[in-house]
Structure formats: C-alpha cells, structure tokens
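Hello,

Here is the structure for you to look through. My notes follow below it.

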Amino acid sequence: MKVVFVFIVTILLAVTWLPAQTISGRLGNAMENTVYLYYSYDGLYQQADTLALDEAGNFSAQFNFNKLGKVIVVCNSVSYTFNVFPGAKINFETDVTDNRTINTAMRVTGKGSEINIDYRLFNDEALNNIKWDYALSPDSFVLRLTDWREKKDSLRKVLVRQKAKIGYGKYILQFLQVDSLNDLYWTVGGYRDYHSSTLHKKSEEDIFFQKHIKPYIFSTDNENYLAAD
C-alpha cells in the first residue's frame, strides 16, 4: 500500500506541477527606478506587480502560467507585451525612451523568445498607421478596418507556414488563434463605436448594424469569450 500511495502522489505532482516562467530585462534610459508588470492567469482578472530596477536598469520576474499567457511590461509610461508559455525563460534588452524605440531597440533571447520575435511583426509601422478614423464615411471606415484585419491575417498565414515547416509546436498556433480572435473582438468593437458615436444609431435595425455587427455579436458577447482557452 505504501508503494501504491507514493506512486499516486508522484502522478499527482507530475500532473499539477508546471515549470515557472521567468522574464528578465534590461531597460535603457529608464527615467524611474521601477517597472510595472500586468498579467492574468485566467484571462479575466488582471494582476499587477511593481519591481525595482537596479542601477543598470535590470529586473527579473517569475510567473506560473499553465497555458499561453501575456505579460505587459511598463516603464517610463511606455509598454511592451510578451507572450509567455509554460517553461519559458525570456531575456530582453531595450530602450524605453518612447513606444517607437521600445520596439526598434528590442532584443529578445532565451526559451520562448521566438513567439515574441514573431509578435513584433504585428507591430509593423505600416500596420499601426492604419488609423480607425471615426470621421470617415461608413464605406471608408469599413474599408479601413478590413484593410487592417487583412494585413494581420496575411502576417499570421506567413507565421503558420514558417512554423509548420520546422514543427514549432502548439504554442505559436495557440498564440495566432488567440490573436485572430482578439482582432475580431476589437473590429466588432470598432464597428459598434462607429455605429453609436458617428452614425448616432440607437436601434439595431439599420443596414450597417445588420451587415457589420450582428454576424459576430453572439461570439464576442459571450461571457466566456475573453477567458476561453
């Protein structure tokens, strides 16, 4: 019985224990001696930590995600988002003068760095310059959002082909799926804001709502949508 008990405990530990993840960084031109970390283990309730930087601008933090998670690093009022999978050990260096330099100066290494290097493709300046201008006409606004989503989709397809060739694993595919759903959520949100603030519509009977919002509200309004695996 003692042998069986030890065996069962060993199995339970193997199932419930997951390796912690670490993110360590060096932040150049930090005007303050603190870095703020925002993350969520369940996709809904965000937690925050404040860490002190040493004299060289270094810090290190540990997390316990049991699935692909996100950590937002903020310093000097600029931020960068890291995608973190179980067991990842990410190290990065960057300049935190502003949001432009934090991207262009970023150097990411370590286990799990590949996803974050890929994620930087989505911070392409041409992509981010597609402004959601609510002063546009309805047709132009739809074209602008469509152009943004199509560019993001084309980048995702490139990454899927690249990773499929080298057998990268499930995490990059999970990241791409989550990113695609996130884009849908923000697109529908953009249409809704435009519908109420620019078109000044209260009813849901007009053509714009029926065509651009209604087909998607059942999924994005679901209470479990943002927290779903």
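**The hairpin and its surroundings**

S5 and S6 form a hairpin with two residues between them. Asn76 sits in that turn and has a positive phi of about 60 degrees. Strands here are DSSP runs of E with at least two residues, and helices are runs of H or I with at least four, numbered from the N terminus.

A word on the source: this is a predicted model, where local features need pLDDT of at least 70, side-chain atom pairs count only at pLDDT 80 or more, and totals for chains, interfaces and linings use all residues. Residues are numbered from 1 along each chain as its sequence is written, and side-chain values use heavy atoms, with hydrogens and water left out.

**Strand pairing**

Strands pair if DSSP finds at least two bridges between them. S5 and S6 (residues 78–84) are antiparallel, with seven bridges. S2 (residues 34–39) also runs antiparallel to S5, joined by four bridges. Look at Ile72 in S5. Its bridge partner is Tyr38, and Ile72 also stands opposite Thr81 in S6.

Why is S5 largely enclosed by the rest of the structure? Five of the seven residues of S5 (residues 69–75) are buried. Buried means under 20% relative accessible area, exposed over 50%, and partly exposed in between (1.4 Å probe, protein chains only).

**Ser113**

Ser113 belongs to helix H3 (residues 113–119). Ser113 is buried, at 7% relative accessible area. Leaving out residues up to four places away in sequence, Ser113 touches Ile90 and Val108; contact means heavy atoms within 4.5 Å.

Best wishes
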